[in-house]
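Hi,

Here is the structure I promised to pass on.

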Amino acid sequence: MSKIFSLILGLLISLSPCVSAEKHENREQPIKLMIGWNFPNSPGVQIFSPPKKNKYYHVLAGSGETAYIGKTLEKLEDDLCLGKKKKNWYVLPGNGSVRLDRIPSAAIVVESSVRIDLKPVAVKPLDLDQKRLSNYAREIAEAEKLTGFAYAIRNTGYKKEAGRAAIILSSKEDRDQSNRVDRIVISVVDIVGDNVRERYRYRKSRGDSGDLIANLAAVADIDRDGLADVLLLDQGDFQGKMLLIETGNVWREQRDDWGEPC
């Protein structure tokens, strides 16, 4: 009888919520998202925070797949801004890795305690006619009071019946200066059938100097549900790289850690 009681007690403990939660927590390893810089003649993708021991550094291709997992290299190099030597860090490609010329100039880098094999963000034609998307873009432009605006639509994934897109709008207050963008607005939307639901809206205005662009440089699907939950924006100016990150259905902005300009 005591053996049967012990067996039942063991089963209850193994099925308890606390144990299940602990296993679930171990399965979802914490990660850190970073912005890397891939420039000509560099030994690898440069990162701007010191790498940690016993961590893996994944460089992602523009469409979100793991391009390579590399070792990190610390180099003491001349800094033209500071006029002295400075420590720089690079994630080096290994044998059989994707060539650096296939990595975007601004890249998503994932730091984690385990190896992660991410796949490209799934894409297929958006199940919504162009006229409806154009009307939605005009609604955003009207709400944001954008003048002389242009827009582009980027497919950023799908799962089952739902699709995701980034609608990128740029505004030019002075029509005579064709290359001068004064404001950008990016709307992240989910599309189900004929319904468009905005998930997040990002805005930026041009400062007194410098250029402003709205380039979606890279995407990633960290939770692997088919929809991009990381968008890397390249806005053209120094410290103009920005990550838009979705965690638990909540979006946030993460600026780069490149340091101060000259």
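**Salt bridges and a sheet**

Asp78 is exposed, with a relative accessible area of 58% (buried means under 20% relative accessible area, exposed over 50%, and partly exposed in between, with a 1.4 Å probe and protein chains only). Before the rest, a word on the model: this is a predicted one, where local features need pLDDT of at least 70 and side-chain atom pairs count only at pLDDT 80 or more, while totals for chains, interfaces and linings use all residues. Residues are numbered from 1 along each chain as its sequence is written, and side-chain values use heavy atoms, with hydrogens and water left out.

Back to Asp78: its salt-bridge partner is Lys85, and the closest N and O atoms are 2.9 Å apart. I called a salt bridge when a side-chain nitrogen of Lys or Arg lies within 4 Å of a carboxyl oxygen of Asp or Glu. Lys85 comes out as partly exposed, at 49% relative accessibility. By that rule, the count is 18 salt bridges.

Another one pairs Asp101 with Arg99, with 3.2 Å between the closest N and O atoms. Here Asp101 is exposed at 59% relative accessibility, and Arg99 is exposed too, at 55%.

The one I'd look at next is Arg201 with Glu144, whose closest N and O atoms are 2.8 Å apart. This pair ties together distant parts of the chain, with Arg201 in strand β11 (residues 195-205) and Glu144 in helix α3 (residues 130-144), 57 residues apart. Helices (H or I, at least four residues) and strands (E, at least two) are DSSP runs, numbered from the N terminus. Glu144 is buried at 11% relative accessibility, whereas Arg201 is partly exposed at 21%. Through shared partners, salt bridges join Glu144, Arg183, Glu198, Arg201 and Arg203 into one network.

Now for the sheet. Four strands make an open, antiparallel sheet in the order β12-β13-β14-β15; two strands pair if DSSP finds at least two bridges between them. At the edges are β12 (215-220) and β15 (250-255), each pairing on one side only. On average, neighbouring strands here are turned by 20° against each other, direction ignored (axes are lines fitted to C-alpha atoms, for helices over the stretch in contact, and angles run from 0 to 180 degrees between N-to-C directions).

How many bridges join β12 to β13? Five, with β13 covering residues 230-234 and the two strands running antiparallel. Within that pairing, Val219 stands opposite Leu231 in β13.

Cheers
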